[in-house]
Amino acid sequence: MYAVIKTGGKQYRVAAGEKIKVEQIAADVGQEIVFDQVLAVGNGSEIKVGTPLVSGATVTVTVLAHGRHDKVHIFKMRRRKHYQKRQGHRQNFTELQIASIAG
C-alpha cells in the first residue's frame, strides 16, 4: 500500500516502513505526526485519487532526526565585467519514518 502526501510545498510517494527527508517540520525527535493532506492512496491495482484530497485518508509518521543537507554552491560571474559572487546554502530537513497508511 502506498500514498501520495503533500508537505512543505512538495509531494512525496510513501509506503509503510520507508524513510524520507522532507522540509523541516517543527516537531520533536520521536514524536508521531499525522498527515491528513493525502492526494492519492493505492493498494495493488486499485487507486483512490482525491479531488484534491482523499477524504478520511491519513498517514502516520515518526520523526527520526533533524539535519541539514549538503551545501549547494552558487557562483555568479559576468565575463569581462570584473564581477564574481560566491554564495552557499544548506537546507534544513526532517527525516521521517512512515509508520502506517489509513484510507
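This is a predicted model: local features need pLDDT of at least 70, side-chain atom pairs count only at pLDDT 80 or more; totals for chains, interfaces and linings use all residues.
Two strands count as paired if DSSP finds at least two bridges between them.

Let me take one pairing first. Strand β5 and strand β6, the latter covering residues 46-49, are joined by four bridges and run antiparallel. Within that pairing, G42 stands opposite I47 in β6. The two strands make a hairpin, with two residues between them. In the turn sits G44, whose phi is positive, at about 70 degrees.

Now the overall picture. The protein has zero helices and ten strands. Read along the sequence, the pattern is β-β-β-β-β-β-β-β-β-β. The radius of gyration is 18 Å, well over the 13 Å that the globule rule gives for 103 residues, so the protein is more spread out than a compact globule. The C-alpha trace spans about 60 × 30 × 20 Å along its principal axes. As for burial, 29% of the 103 residues count as buried. Of the contacts with a separation of 6 or more, 63% are between residues 24 or more positions apart.

Next, the sheet. Which strands form it, and in what order? Four strands form an open sheet, ordered β3-β10-β7-β4, with antiparallel pairing. β3 and β4 are at the edges with a single partner strand each, so one side of each has no neighbour in the sheet. From one strand to the next, the twist averages 45 degrees.

In soluble globular proteins, nonpolar side chains tend to be buried together. Here the largest nonpolar core has 20 residues, and V14, V59 and L96 are those with the most contacts inside it. Several strands each supply at least two residues of this core, among them β1 (2-7), β2 (10-15), β7 (58-68) and β10 (92-102).

What does L96 touch, leaving aside its neighbours within four places in sequence? The contacts of L96 are E18, K19, I20, V22, I25, F35, V61, T62, V63 and L64.

A second residue to look at is T7, in strand β1. Is T7 buried or exposed? T7 has a relative accessible area of 11%, and the cut-off for buried is under 20%, so T7 is buried. Not counting residues up to four places away in sequence, T7 touches Y12, V22, I25 and F35. Of these, V22, I25 and F35 are also in contact with L96.

Last, charge. Side chains of opposite charge can pair when their charged atoms come close. How many salt bridges does a search of the whole structure find? The search finds one. The partners are E23 and K10, and their closest N and O atoms are 2.9 Å apart. E23 lies in strand β3 and K10 in strand β2, so the pair ties together parts that are 13 residues apart in sequence. Both residues are partly exposed: E23 has a relative accessible area of 23%, and K10 has one of 37%.

To recap: ten strands and zero helices, an open four-stranded sheet, a largest nonpolar core of 20 residues, and one salt bridge.

Technical notes. Residues are numbered from 1 along each chain as its sequence is written. Side-chain values use heavy atoms; hydrogens and water are left out. A nonpolar core is a set of buried Ala, Val, Leu, Ile, Met, Phe, Trp, Tyr and Cys residues joined through side-chain atoms within 4.5 Å. Buried means under 20% relative accessible area, exposed over 50%, partly exposed in between (1.4 Å probe, protein chains only). Contact means heavy atoms within 4.5 Å. A salt bridge is a side-chain nitrogen of Lys or Arg within 4 Å of a carboxyl oxygen of Asp or Glu. Axes are lines fitted to C-alpha atoms, for helices over the stretch in contact, and angles run from 0 to 180 degrees between N-to-C directions. The radius of gyration is taken over C-alpha atoms; the globule rule is 2.2 Å times the number of residues to the power 0.38.
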